[in-house]
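Please work through each task before reading its solution.

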Amino acid sequence: MNVRGPIVSVGEARTVSTSYGERDLREVRIRPDRGAGDPVDVTLWGKWTETAEHAEPGMELLVTDPEEDEYRGETGYATTDESWVVLEPDFLVDVTGIRSWVQCPRMYYLNKLSGIPLNYPVVKGTIVHEVFGDLLRGMELEASVEERVAEAGLELGLLGYETAEVEDEVRRNAAAVEGWLAQGTLADEDTWRSEFSLISPTFGLKGRTDALRRGTPVELKTGKNTKREPRFHDKVQAACYALMLDERGVDPDIGTLLYTKNTALDRNEESGDLAPAKEFTVGRGFLEFVVRERNALAAMEWRALNDPGERPTVPTGYEADATCSYCFEQDACMVVSGRLDQESKAGQIGTPTPDEERDYFDRFYVALEEERRETHAEYRKLWEQTPEERAADDRALIGLEPVAQTEIDDARWELRARKPGDAVSKLREGDVALASDGDPVSGHAELGRITALGSDEVVVETDEPVELRRLDVYPSEISVDRSLTALHDAVLKGDPDRKDVIFGRRDPDFREPAERPADAPDAYIDNNAAQNEAVELAVDAEDCALIHGPPGTGKTYTIARAIRALVAEGNRVLLSAFTNRAVDNALEALRDQGFDDVLRVGTETGVREDMRDVRLVQRGEPNAKAAELRDAPVVAATTAACGSRVMRECEFDVALVDEASQLTEPGTHAAINLTDRFVLVGDHEQLPPVVRAENDLTTSLFQRLIEAFPDASVMLDRQYRMSQRIQAFASAEFYDGALRPATPEVAGQTLADLGVDPDALAPDLTGGVGFVDPDGERDGNRNVREAERVAAIVDAYVAAGVDPDDIGVIAPFRAQVAEIGRRTDVTVDTVDRFQGSSEAVIVVSLVATGDLDGPIFDDHRRMNVALTRAKKQLTLVGDADALGTDSFYARMLDWARR
Ligand SMILES: Nc1ncnc2c1ncn2[C@@H]1O[C@H](COP(=O)(O)OP(=O)(O)OP(=O)(O)O)[C@@H](O)[C@H]1O
């Protein structure tokens, strides 16, 4: 039994005499049942009073296995010897975070800001870990070393290392692992598991242990340790895994640390215990210590968001006993403290950044931490929802039947499973997802990438084999982590000149046309004045340029032309976008325009097949690999990839960022931090940034800058997609009537162009735009009658001769997407999934009846996207009465019925 709920008040610390002698206690009043119950007192005894010191009203407290007592007719609870006390259990702390927190809380904070930089110890450590995994899987040492070092070719090359020296060092480190594994008692492979992901709902922990040996955690360290005992913070890390295993009912009594450098030490020079493997007993007291430290961390993070002070709470370093002068991070710590004017045990150097920059940093730091909470809330659904609820929520594919597990290249696994025919979810090919044996929390789960997702089969690639019975959406924190780093780099390392523009202290500068190179063409694009102006703005920008591109106005085409012009002037260009799709589309446009000298950075499954020939493969000879990346005139990667440790090492003259209106400010910084100048391309009248939290992250840097500096922007006003009739409404409502068809052919498109006889169709399905009211009934997020009607409309178009590939259906909710998908074979998806694409014929299912309740209808930008996907025929299906309740939708209805 547990008690759990938000804290109402925290009592004073007291000492009382008991039959066991003097004992400390502290009473905390909570509202049990997660706030639903009447307040009760929970007495925290002994060392748990330390956790009470961090507790504040509003935080959530969990006490496991408490003792229940009655006092003056009131029920109360008290900790027992079996109890764990956890603050903010919903805040999932990463084990590596606890490890650095124990060294120094401020180091934990600094690590969040700086991310994992590219340096040799990190790369070498990764290689040794991979070799460790290979050895556990029975691979031969030499083959593994060669393979893993080759795979790290790019990173090693960027760091200036040669293959032979790295192989040599890895071999010496790996010898420790091999020697240890060779000891007879460890030979039984079944007792081993390499790399095991663990999540703990009770302790609010998550992480990935290097290995499990007979259920006990083994951690690999590439450093040396000549003491008998493992290092303290290494033990903390192993103990966190022990806690998570404990929650699964395993009772790991020992933890093992493997210091691989020990075998490489010279016995004549080093004294002490040179054995690489050090074991320690995982005692209850130590585990409790780890939980208390985790609680202190979670409490600090809670305060960062909830304390009323002007600035978010961050650790100062005074919380730790550590000596700053011994700390490797001392310099970085002092710089951050100095620039952000933060209190710090290490002291400060440098002058603080201006107020507006610190305010900006604080605002986005908090916004990103809020986003992290939202991500944790997604994690929670993994254990709070039943598999059926998760499936109904489109967040999981359940009931999969494993068909095959095949070992493929690089010691990876391909898992194949049969999937029930009607199962649908948010998951798409290329997504990273959590593959599990049916229970992603207490069973066996591995992260993998979906490589194929057909109507009755799913294929996933993972590092370790799993019985694939369930596949869950994986709520990754990587975007938050990389955004924090990008924020840090932008504010603390950013060029002052750039910051003057970003913070509105001056207008962006542009070169005079006369200063263009003599061989620059008179016009970059001769059939579209706005596009030509956009390219001019891009090549002349000394800070930034903003290209506003409504639907189908040739953003991609213009980006490609601008890149060619910039390269012709000798610039090295970074091409980026929010999605892989947009990056590949821009590359395709570049190649269509005859420019091929590009390098695509991305994972194999992320990059579209026809762009794989220009994809940067990390594997290879270090120098050659580094040169490939450093010398490419155009490098293309998503903004998420721009935040990777490899890309953070790169420099460019100019960044062109597509879909910039869908990026948060920190997400945009990730790309533009790498460059001198930048060009943002987007449309703030279409979908805003994709975030879970409602805060500053919902406005893009693109939108903020275009509103601040209209003179640095141009709007592309000729569209190449929609007929005159289709574009009219969007043009009037979103673009002040400025959007026009680019040519008479575009304006005059009709269904007849597809060889269809319009007379064969009902009148409301022709004429460019039509409206059908099927008299349906909304039920939750679906409307069955409407779905039937939509399918019938699609059938009518097909019967009239439209190719099913030329038809798309858009619905506002996934439930309705599924409802329609069951009744037709054409592409059916949500608005968000349709952004950036188009079809000859689009049918939109509006679902709502009676009123327009729901966030979908509040954001007109979403509707703008839905209404601007069709080229020749757009048919809206919905309830006329519901649409009539809102003036915007009433105007839409008038237009559709005209
Ligand atoms: N100046 C031009 N001359 C001729 N064709 C053009 C021109 N600009 C764009 N196009 C064509 O118009 C079509 C749409 O262009 P593009 O794909 O670049 O639009 P987009 O704005 O990126 O679209 P989306 O709104 O989907 O992002 C393409 O077929 C492209 O080749």
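**Exercise 1.** Determine which helix gives the most residues to the shell around the ligand.

*Solution.* Helix H16 (residues 555-568) gives the most, with 3 residues; helices (H or I, at least four residues) and strands (E, at least two) are DSSP runs, numbered from the N terminus. The model is predicted: local features require pLDDT of at least 70 and side-chain atom pairs pLDDT 80 or more, whereas totals for chains, interfaces and linings use all residues. Residue numbers start from 1 along each chain as its sequence is written. The whole shell has 14 residues, the closest being Gly 554, Lys 555, Thr 556, Tyr 557 and Tyr 720; a residue is near the ligand if its C-beta atom, placed from the backbone, lies within 6 Å of it. By class, the shell holds 4 nonpolar, 9 polar and 1 charged, where Ala, Val, Leu, Ile, Met, Phe, Trp, Tyr, Cys and Pro count as nonpolar, Asp, Glu, Lys and Arg as charged, and the others, Gly among them, as polar.

**Exercise 2.** Identify the strands to which S1 is joined by bridges.

*Solution.* Strand S1 (residues 2-18) runs antiparallel to strand S4 (residues 60-64), with 5 bridges; strands pair if DSSP finds at least two bridges between them. In this pairing, Pro 6 is opposite Glu 60. S1 and S2 form a hairpin with 2 residues between them.

**Exercise 3.** Classify the packing of H5 and H7 by angle.

*Solution.* First, take the geometry: helix H5 (residues 141-151) and helix H7 (residues 163-182) have axes 10 Å apart and an angle of about 135°. Axes are lines fitted to C-alpha atoms, for helices over the stretch in contact, and angles run from 0 to 180 degrees between N-to-C directions. Next, apply the classes: under 35 degrees is roughly parallel, over 145 roughly antiparallel, 65 to 115 roughly perpendicular, and the rest oblique. H5 and H7 are therefore oblique to each other.

**Exercise 4.** State the strand order of the open sheet of 5 strands.

*Solution.* The order is S30-S34-S33-S31-S32, with parallel pairing. The edge strands, S30 (769-772) and S32 (827-830), each pair on one side only. Neighbouring strands are turned by 20° against each other on average, direction ignored. Within the sheet, 4 bridges join S31 (residues 807-811) to S33 (residues 839-845), and Ile 807 has Val 841 as its bridge partner.
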